Amino acid sequence: MATAEEIYARMQKSIEDYDRDAAVAAARESVAAGLDPLVAVEEGFARPVRQLGEAFDRMEIFLPQLIMAAEAMKAGMTVLEAAIKAGGGTWQKKGVVVLGTVEGDIHDIGKTIVGAILQANGYEVHDLGVEVPAPRFIQAAEEAGANIIAMSALLSTTMLFQRDVLQLLRNKGLQQKYFTIVGGAPVTQKWADEIGANAYGRDAIEAVRVLDARRKEWSR
Ligand code: B1M
């Protein structure tokens, strides 16, 4: 019977090897061995993904590697999330984020990385996918009991839809209820200020830093 340390090491290796099947197998092993899935998330998956996110930030690894690591974590997480729910456990989460790429925009690589890094740093992430219409962001935030609405846009034409989400929140009187963060290649702090978003994240690591630093504003 493998020890907890051996199983965590196998989980970490699956992330470092970008191996989805190994991540699922190691996560299953951790559940079969009766390890606490909440500890396994942190020890096995979150820590190596965070480290790879920081390595990407320092340009020490390439984008496809980070994407594959994020995909491996996502695959393994399905096993651990099921175990957490089955055990009646509650996720030790910092906050709940509804995340998506805005209407008309199919770019999902950066958004997926942002989601994985947020998740690795203790946020519950509801990834709505791509081409998300403004009302869907708000509907999903209401349903998920979210604190934060996070919008990615990669086109200078679709970043306008970030403004639509902010406008719709104002129209519905919900702008105080949700902390909004925008990002994506054409997006800037100036644009965030112009449309009235609460925050801007240059990249995934900065998005986490900003949300962590401004916790008081979104956890009211
Ligand atoms: Co597209 N594309 N593309 N494309 N594409 C760009 C964005 C473009 C800059 C390329 C270029 O012309 N130089 C250009 C946009 C020009 C503009 O509007 N300014 C462009 C175009 C024009 C298009 C099409 C219109 C092309 C066409 O069909 N004529 C079309 C659009 C289709 C549509 O969306 N309706 C299109 C299609 C595609 C592909 C399908 C081929 C593919 C997308 C595949 C996919 O995502 N599944 C694609 C790709 C890959 C790119 C480039 C090359 C790379 C984007 C990427 O994944 N970067 C891109 C060129 C570029 O950006 N230099 C380009 C890597 C990723 C990690 O970075 O997404 O920036 P990024 O995310 C970063 C940060 O921005 C930030 O953190 C992430 C991690 O560090 N971030 C956030 C992102 N979201 C955030 C949210 C946050 C915080 C931070 O908080 C909420």
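**Note on helix packing and the ligand shell**

1. The axes of helix H2 (residues 20–32) and helix H4 (residues 63–86) come within 7 Å and cross at roughly 25°. Axes here are lines fitted to C-alpha atoms, for helices over the stretch in contact, and angles run from 0 to 180 degrees between N-to-C directions. H2 and H4 are therefore roughly parallel to each other; angles under 35 degrees count as roughly parallel, over 145 as roughly antiparallel, 65 to 115 as roughly perpendicular and the rest as oblique. Helices (H or I, at least four residues) and strands (E, at least two) are DSSP runs, numbered from the N terminus.

2. This is a predicted model, in which local features need pLDDT of at least 70, side-chain atom pairs count only at pLDDT 80 or more, and totals for chains, interfaces and linings use all residues. Residues are numbered from 1 along each chain as its sequence is written, and side-chain values use heavy atoms, with hydrogens and water left out.

3. The crossing of H2 past H4 is right-handed (left-handed if the near helix is turned anticlockwise from the far one by less than a right angle, right-handed if clockwise). On the H2 side the contact (heavy atoms within 4.5 Å) is made by Arg20, Ala23, Val24, Ala27, Arg28, Ser30 and Val31, and on the H4 side by Glu71, Ala72, Ala75, Gly76, Val79, Leu80 and Ala83. The residues of this contact comprise nine nonpolar, two polar and three charged. Ala, Val, Leu, Ile, Met, Phe, Trp, Tyr, Cys and Pro count as nonpolar, Asp, Glu, Lys and Arg as charged, and the others, Gly among them, as polar.

4. Helix H3 (residues 37–57) and H5 have axes that come within 9 Å and cross at roughly 130°. That makes H3 oblique to H5. H3 passes H5 in a left-handed crossing. From H3, Glu42, Ala46, Val49, Arg50 and Gly53 meet Ala116, Ile117 and Ala120 in H5. By class, five residues of the contact of H3 with H5 are nonpolar, one is polar and two are charged.

5. Helix H6 (residues 134–144) packs on helix H7 (residues 160–171) at an angle of about 55°, with the axes 8 Å apart. That makes H6 oblique to H7. The crossing of H6 past H7 is right-handed. Ala134, Pro135, Phe137 and Ile138 of H6 make the contact with Asp164, Val165, Leu168 and Leu169 of H7. The contact of H6 with H7 has seven nonpolar residues, no polar ones and one charged.

6. Around the ligand there are 25 residues, of which Ile106, His107, Asp108, Ser152 and Ser156 come nearest; a residue is near a molecule if one of its heavy atoms lies within 4 Å of it. The shell divides into 13 nonpolar, eight polar and four charged residues. Helix H5 (109–120), strand E3 (148–152) and strand E4 (179–183) each supply at least two residues of the shell. H5 gives the most, with four.

7. As for atom pairs, a ligand nitrogen is 2.9 Å from a polar backbone atom of glycine 104. A nitrogen atom of the ligand is 2.8 Å from an N or O atom in the side chain of histidine 107. An oxygen atom of the ligand is 3.4 Å from a polar backbone atom of alanine 185.

How values were computed
A polar contact is a pair of N or O atoms within 3.5 Å; within protein, one must be able to donate a hydrogen and the other to accept it, and residues adjacent in sequence count only if both atoms are side-chain atoms.
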